[in-house]
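Please read the following points beside the coordinates. They are set out as a colleague's note, one topic to a point.

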Amino acid sequence: MTFSVYLIAEQVETRFPDCYRHFKEFQESPDYRPYWDKCMEAVRDRELLSHIIFCNDLLRIPPVKTFLLYYEQDFIRITGREDAALEPFVKKAIGAFWGMVFKFVLGYREQESVSISLNQRFFVRTATCFQNPAQPVRLEG
């Protein structure tokens, strides 16, 4: 199925607080706005999102890992820390965000938690890989 990045972003924006009630603050609170905006920026970037999907589908690299490493310098700036350490809520909320994209918007039906060992930066140990999309995913615009 072909998905527009604009439609994906719109779906995430509208459905996130209903699908992930515990992480509603991630979207709504000014404290977390820089992180939410970075997530939305990634979803709206067709080339980056296609790389995130490719890494997930073929290389078994979770979207969270690809996303964090791609924006590493931005997260150093946002956190004000050279190690870009993320607080527990932010780590979980970013995971929920990518769960929203892959499960609820792109239609992946299975998931698996895998070790990602980002122990020098971010301090994230595990993240989710998504599998078995309802239909092959293609992106446009």
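1. Phe122 sits in the loop that links β2 and β3, where strands (E, at least two residues) and helices (H or I, at least four residues) are DSSP runs numbered from the N terminus. Its phi is near 70°, a positive value in a residue other than glycine, and Phe122 is buried, with a relative accessible area of 0%; buried means under 20% relative accessible area, exposed over 50%, and partly exposed in between, with a 1.4 Å probe and protein chains only.

2. Phe123 is found in the loop between β2 and β3 and has a phi near 60°, again a positive value in a residue other than glycine. Phe123 counts as partly exposed, at 35% relative accessibility, whereas Phe122 is buried.

3. The model is a predicted one, in which local features need pLDDT of at least 70 and side-chain atom pairs count only at pLDDT 80 or more, while totals for chains, interfaces and linings use all residues. Residues are numbered from 1 along each chain as its sequence is written, and side-chain values use heavy atoms, with hydrogens and water left out.

4. The chain comprises seven helices and four strands, and from the N terminus the elements follow the order β-α-α-α-α-α-α-α-β-β-β. The radius of gyration of the chain, taken over C-alpha atoms, is 14 Å, close to the 14 Å from the globule rule for 141 residues, so the chain is as compact as a globular protein of that length; the rule is 2.2 Å times the number of residues to the power 0.38. The C-alpha trace spans about 40 × 30 × 25 Å along its principal axes, and buried residues account for 45% of the 141 residues.

5. Of the contacts (heavy atoms within 4.5 Å) between residues at least 6 apart in sequence, 70% join residues at least 24 apart.

6. How do helices α1 and α7 cross? The axes of α1 (residues 5-19) and α7 (residues 88-105) come within 10 Å and cross at roughly 115°, the axes being lines fitted to C-alpha atoms over the stretch in contact, with angles running from 0 to 180 degrees between N-to-C directions. Residues of α1, including Ile8, Val12 and Phe16, meet residues of α7, among them Ala93, Phe97 and Met100. By class, this contact of α1 with α7 has 11 nonpolar, one polar and one charged residues; Ala, Val, Leu, Ile, Met, Phe, Trp, Tyr, Cys and Pro count as nonpolar, Asp, Glu, Lys and Arg as charged, and the others, Gly among them, as polar.

7. Glu13 belongs to helix α1 and counts as partly exposed, at 31% relative accessibility. Leaving aside neighbours within four places in sequence, Glu13 is in contact with Gln27, Trp36, Met40 and Arg44. Glu13 and Met100 are 87 residues apart in sequence, yet 9.9 Å apart in space, C-alpha to C-alpha.

8. In helix α5 (residues 63-70), which holds Thr66, the buried residues are Pro63, Val64, Thr66, Phe67 and Leu68. These buried residues of α5 pack against α3 (33-44), α4 (46-59), α6 (72-79), α7, β2 (108-118) and β3 (124-133). Thr66 counts as buried at 14% relative accessibility, and, with neighbours within four places in sequence left aside, Thr66 is in contact with Ile52, Cys55 and Ile61.
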